[in-house]
Structures are given as C-alpha cells and as structure tokens.
Amino acid sequence: MTLQVPYLTDETIERDAEALLAQFAHARGMAIRAPIPIEDIVEKHLKLHVEFDDLHRLLGVPRSEFRTDPDIFGAIWLETGEIVLDESLDPEVRPTIEGRYRFTLAHEGGGHWRLHRRLVQANSGQESLFGDARQPTVVCRSSQSKERVELQADLYASCLLMPSRLVHAEWQDRLGRTKPLRLSDLRPNGKVVSRAETLIHKQGRGEFDAVGDALFESVAEPIARRFGVSRAAMRIRLEKLGLLLRAEPTQQSMKGIL
C-alpha cells in the first residue's frame, strides 16, 4: 500500500532541505559546498542506519522477467530510522552508478525521513528491522515513481543535493552568464547536437523530447559531475530553476481579461 501524504508546495519542500543543510553546516562548523556530503548528513547528522541488500529478496517481491534492473531501489522504516538500499546501487561495486546511489540516499534519508516521518506513529518498542519480518513504511519502486509520496521525496533529494544558490553560482562560473539557455540557443551548435545524438544512441531513447533532453544534458553534464549527481538529475534541476528553457517565453494574452 502506498503511503498517503498531504499536498506540500515546492517552496515548502525546498525550505526544509535548505534548513537541513543549514543545521548540518552549523553543527559541523563548515560551509556547504558541492558535492553535498549526503552520507554524513544521513548517517552522522540524522543518525539513520543504512545498509545494502537484495530488496526483492528481503521483501519477498519477485523480480520481473522483463526487467534487468530491480524495480525496488530503496526502503525506509520511519519508526526506527532504518534504510535499506538495493545492492545494485552499491557505489563500491558499481562506481558508475554513484549519482543514482547519492540521489536514492537523499530521497530516503532526506525526503521521506524529513517530510513523512511525522505521519507515522513511532513505536520504540518494535524490534530491529534485521531479524524480524516487519514491512517498511515506504518501499520506493520505479513503477510507482509518479505517486505523490515519491514525487515529494524526489524533489527533496534534488533540493538537498543541488541547492539553488550553489547551482546558480556554478552555472555562472561555467557558462559565464546568469541568464538561462533556451533549446533554440543550442540547436545551431553542431558540436552540441552531435553530442546529443551520441547520448540518445547510447541511452536508446526514442521519446518525443529525447533530443531536447540530450541537448540539455550536454550542458548539464559538467555541472552534474561537480555535484555528484546524474546528468538527468541535474538537467531536471536546471529546468526547475529556470536556467534551461525548452520554449521562448510567450506574452500572456489580455483578451478576455480587460
């Protein structure tokens, strides 16, 4: 069963992520810089317990015969502050997936813990996760990524790993501008288009916006490396912050208003 959560504005979620970063910085007596030390925030500051395991096996959920990647990437027990990430995300085994690991850790230990813990009545008398059959409060499945509880945790992870102030500063440093880039700014550049076509070929993407996504991810890639996140995560964040625009802004018609 999916955890039912109330509506939260994007601004509310971003403010809480900024507050968590400020609390961590104050506790450590340090300035926040990219890449965000998400492991220290989750395990040392919030004092959550994190382990890797085969989540499909642990939760008794059969793997789909049509998928090579797991459907379940993370689970959290909000009563006890225990997080299990699927073993496929272990960065020591698969260094190339570190961005996905960091985002999932921020999703669980930031998003769900900070936003949704208050919805669950704590029961300190329960046994530890390891050794009993309790079910997690939230099971994060890619097939349920559009559920409100997951969208909120995703946005929180994005704000936590890619703080607006730091992203804007990196954008200005790397591109030498504060203004946004539009898709039309990139299309005339043959080098960028070629890079985009390579990305599409490697990722096997065929959706309508694949070219736009790949063009934007070409721009986002060096910034993503700085923040320790995936190209796609940084592209989405840059679009959310209005630094990457897909269309020219249009003037709203006043017909029918005046």
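Guide: Strand S2 (residues 72-77) and S4 pair in the antiparallel sense, over four bridges. This is a predicted model, in which local features need pLDDT of at least 70, side-chain atom pairs count only at pLDDT 80 or more, and totals for chains, interfaces and linings use all residues. Residues are numbered from 1 along each chain as its sequence is written, and side-chain values use heavy atoms, with hydrogens and water left out.

Visitor: What makes S2 and S4 a pair?

Guide: Two strands pair if DSSP finds at least two bridges between them. S2 and S4 have four bridges, so they count as paired. Strands are DSSP runs of E, at least two residues, and helices runs of H or I, at least four, numbered from the N terminus.

Visitor: Why are S1 and S4 called edge strands?

Guide: The open sheet has four strands in the order S1-S3-S2-S4, with mixed pairing. Strand S1 (49-53) and strand S4 (138-141) each pair on one side only.

Visitor: Why is Lys-47 called exposed?

Guide: Exposed means over 50% relative accessible area, buried under 20%, and partly exposed in between (1.4 Å probe, protein chains only). Lys-47 has 64% relative accessibility, so it counts as exposed.

Visitor: Which residues does the cis peptide bond join?

Guide: The cis bond joins Ala-34 and Pro-35, with omega about -5 degrees. Pro-35 is in the loop between helix H1 (10-28) and helix H2 (38-45).
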